[in-house]
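Here's a quick briefing to read alongside the model. Have the sequence and the 3D view open as you go.

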Amino acid sequence: PGFVVPVAREDFPDEIPVIESIDINPDSPEPKAHSAALAELADGRLMAVWYAGSAEGAADVSIYAATRGLDGVWG
């Protein structure tokens, strides 16, 4: 598994790439989130990871993660 870059598929040459924007954790109490990354796992799920906290380098900064199941639901 690793980062997946969408490319035009040979069987759908005219297909427009789909970009979807979703707030994974919109009710988070953390004031800042940044440096997000997204990867496809071997079983087809997606995993997102990001930093969040009060400020860059602050003691309360943590790394968060969420997975999106094959049903499209983030958890």
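Two strands count as paired if DSSP finds at least two bridges between them. With that in mind, strand 1 and strand 2 are joined by seven bridges and run antiparallel. Keep in mind that this is a predicted model.

**The hairpin**
- Strand 1 and strand 2 make a hairpin, with five residues sitting between them.
- In that turn, G44 has a positive phi of about 95 degrees.
- If you want a spot to check the pairing, look at A37, whose bridge partner in strand 2 is V49.

**The aromatic pair**
- Searching the whole structure turns up one aromatic pair.
- The pair is W50 with Y64, and the rings are stacked, at 6.2 Å centre to centre with 15 degrees between the planes.
- W50 belongs to strand 2 (residues 46–53) and Y64 to strand 3 (residues 62–68), so the pair ties together parts 14 residues apart in sequence.
- W50 counts as buried, because its relative accessibility of 15% is under the 20% cut-off.
- Y64, at 27% relative accessibility, counts as partly exposed.

**Around I22**
- I22 sits in the segment before strand 1 (32–40).
- Its relative accessible area is 37%, so I22 is partly exposed.
- Setting aside neighbours within four places in sequence, I22 is in contact with R68 and W74.
- I22 and W74 are 52 residues apart along the chain, and their C-alpha atoms are separated by 9.6 Å.

How values were computed:
Residues are numbered from 1 along each chain as its sequence is written. This is a predicted model: local features need pLDDT of at least 70, side-chain atom pairs count only at pLDDT 80 or more; totals for chains, interfaces and linings use all residues. Side-chain values use heavy atoms; hydrogens and water are left out. Helices (H or I, at least four residues) and strands (E, at least two) are DSSP runs, numbered from the N terminus. Buried means under 20% relative accessible area, exposed over 50%, partly exposed in between (1.4 Å probe, protein chains only). Contact means heavy atoms within 4.5 Å. Rings of Phe, Tyr and Trp (its six-membered ring) pair if their centres lie within 6.5 Å; planes under 30 degrees apart count as stacked, over 60 as edge-to-face and the rest as tilted.
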